[in-house]
Amino acid sequence: MAAIPEEDDGAASSITKAFAEFLLSFDSLREQLRAIILADDPRLHYPVEVDFAILLDYDADLAQLVYARPARYLRMFDDAAVWAHVIMLGDFKGNENASRKSFIHVRVNVSGSPLEFPGTVIRSGMVKMMEGDRQYQCGACKGSFPVCPELEARNSIVLPPKCPSQRCAGTSFKVVEGSIIRHDYQEIKIQENTQMLDVGAIPRSVCIVLKDDLVDKAKAGDDVIVTGYLTAKWSPELKDVRCDLEPVLVANHVRTTNEQKLEIEVPNDVVIKFKQFWSDYKDTPLKGRNIILQAICPQVFGLFTVKLAVALTLIGGVQHVDASGTKIRGESHLLLVGDPGTGKSQFLKFSAKLSNRSVITTGLGSTSAGLTVTAVKDGGEWMLEAGALVLADGGLCCIDEFDSMREHDRATIHEAMEQQTISVAKAGLVTTLSTKTIVFGATNPKGQYDPNQSLSVNTTLSGPLLSRFDIVLVLLDTKNPEWDAVVSSHILAEQGESITGKNDEELTTTWPLPMLRRYIQYVKRYFKPVLTKEAENVISCYYQLQRRSAIQNAARTTVRMLESLIRLAQAHARLMFRNEVTCLDAITAILCVESSMTTSAVVDNVGNALHSNFTEFPDEEYIKQERIILEKLNSMDSFPDPATLDRPSWS
């Protein structure tokens, strides 16, 4: 280690020296200090990130001091960082880019600690300027001394009763001109992750103070892990007014964990089970797919079309970025339109369980601000508070009773669904928040559903909003004695099975909920399907056919429908454990979109999605559907001969 300058020896404590020696003992820390020395602006505040585990291994006593009294010793750690960088500055003689920096802050990272608990930012305040340390001069002895404002007393200055110098008893002090250090200052509020709470528990929140380089590290909706020390603010002392204490956490290190929102650990033995499952069903893959689909909302009988749509929506497609940098979303949106008692809310609740991050709300109790973002005044300061779509960023937002929302409130989610951002300009706060979320809505038709009318008329939803949903399924509770008999038998059988229980060990017969969650997250993470030429031809020709025949469905047959077809085909390829979108996936996507149409362009008599059941031989059934669709599409001049298309090996 380089020699510490003699003139600094008397002023520096042994603890500060020890901190400086630590910073100079590791190449990674020296590299950070070297980058600070070569930085342009000497007036900025610079961070040095220190891993607490390394400090603990280097000197347990030093680590204990930081842990026990962070407010005191983190300040000394900062002084040590400035000292260490001054020592290193001697190695940069003659380098014009090197300069001394006055403000360096040590940020202690406790990554991997069992004490870590992620929270969600629900409010983010404006960035303000705060006056910090300053020098005061004694009027008697002309000596100067530092004074630090008290954060607990809302940044007020408390001067000593007499001069700190032992040789002077002066009581008159004045600020040394130009000695005030100013800091960037921001307050945010984080809330407990709702997924980790018990049912009925109200999530707690705490105010976080961010200073200097930590400002703007997190915005509303982000998942963060904050390291800092707890203190309390008290209100100004007023006569006959009770002094209120407000706990605040003064942040030392902030780490965003947005990229880990959807991370669910999938052990190797589980992956082997997945591969074995598809190996067992390589000759009848659609039968294997249907076994997975039957595990979605198992208490609801049948509804094959709805369960397939839910699976494809949760899995989603692959986000595409074109040459200009424009993003085309990969997340799909689903809307269920149906009579009361058709199981819409059941699917919403079950989908929320399948997603690692989800928010459930109802249209009746949701305003546009509650869904997007709102500006609230807290302690005289305007702050942004995240709504349901922002909090569900990276996950799923379920909106029940979609029809109960006001027209204005429904219009606010247009940008969030397509561009996956929310642009805010409220109370002087202008920003853009991320809403990369799946929207799953459920609504009742307006009065009696009229098949002769368009979806817009039946649901009172505008065309632009309907076009943003990849799949819109209509569930009509028509009188069907055969169906009623089968459903009642299933419900009564479920009552008996709930007592005896089921064996969920083998995937060949039934998939338990935890396994289904892991499967969905695994295929989303590791499969990025690419369209084959045959799949592109099928999707393109179907889209052109729909555009020609679109009379009642003008709101649905936009370019967005073409993007929806691609997303659904990619999602089906993922569901089938593949990295390639084949003709099978394209035709399944077409069948899903056909179910969304009040008038079909390809499949005659699509039928009621409520009465769609699982067939005993789905692979043979698919071959019939494929033949019908290809014959219809073959009537178009631009479509190739069906004989030239790749056929699945099992057909």
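The legends below describe close-up views of a predicted model. Residues are numbered from 1 along each chain as its sequence is written, and side-chain values use heavy atoms, with hydrogens and water left out. Local features need pLDDT of at least 70 and side-chain atom pairs count only at pLDDT 80 or more, whereas totals for chains, interfaces and linings use all residues.

**View 1. Confidence along the chain.** The protein averages a pLDDT (the predictor's confidence in each residue, from 0 to 100) of 77, and 83% of the residues score at least 70. Residues 1-12 stay under 50. For this stretch the model has 13 contacts (heavy atoms within 4.5 Å) beyond four places in sequence. The pLDDT is also below 50 over residues 498-505, a stretch with six contacts in the model beyond near neighbours in sequence.

**View 2. Phenylalanine 347 in the largest nonpolar core.** A nonpolar core is a set of buried Ala, Val, Leu, Ile, Met, Phe, Trp, Tyr and Cys residues joined through side-chain atoms within 4.5 Å; buried means under 20% relative accessible area, exposed over 50%, and partly exposed in between, for a 1.4 Å probe and protein chains only. The largest such core has 81 residues, and Phe347 and Trp511 have the most contacts inside it. Apart from this core lies another, of 36 residues, among them Leu371, Val390, Ala416 and Leu461. Not counting residues up to four places away in sequence, Phe347 touches residues including Ile296, Cys297, Val300, Leu336 and Phe440.

View 3. Cysteine 297 is found in the loop between α8 (285-294) and α9 (304-315); helices (H or I, at least four residues) and strands (E, at least two) are DSSP runs, numbered from the N terminus. Most residues other than glycine have a negative phi. The phi of cysteine 297, however, is near 50°, a positive value. Cysteine 297 counts as buried because its relative accessible area is 0%.

**View 4. Isoleucine 399 in strand β18.** Isoleucine 399 belongs to strand β18, which covers residues 396-400. With a relative accessible area of 0%, isoleucine 399 is buried. Beyond four places in sequence, its contacts include Leu348, Thr361, Leu371, Met405 and Phe440. Threonine 443 is 44 residues from isoleucine 399 along the chain, and their C-alpha atoms are separated by 8.8 Å.

**View 5. The stacked pair of tyrosine 519 and phenylalanine 577.** Rings of Phe, Tyr and Trp (its six-membered ring) pair if their centres lie within 6.5 Å; planes under 30 degrees apart count as stacked, over 60 as edge-to-face and the rest as tilted. By this rule the count comes to 17 aromatic pairs. The ring centres of tyrosine 519 and phenylalanine 577 are 6.0 Å apart and their planes lie at 15°, so this pair is stacked. Tyrosine 519 lies in helix α18 (residues 513-526) and phenylalanine 577 in the loop between α20 (559-575) and β24 (580-581), so the pair ties together parts that are 58 residues apart in sequence. Both residues are buried, and phenylalanine 577 has a positive phi near 65°. Ring pairs link Tyr519 and Phe577 into a cluster that also includes Phe274, Trp278 and Trp511.

**View 6. Glutamate 192 and arginine 204.** Glutamate 192 lies in strand β8 (residues 182-192) and counts as buried, at 14% relative accessibility. A polar contact of 2.9 Å joins its side chain to that of arginine 204. Such a contact is a pair of N or O atoms within 3.5 Å; within protein, one must be able to donate a hydrogen and the other to accept it, and residues adjacent in sequence count only if both atoms are side-chain atoms.
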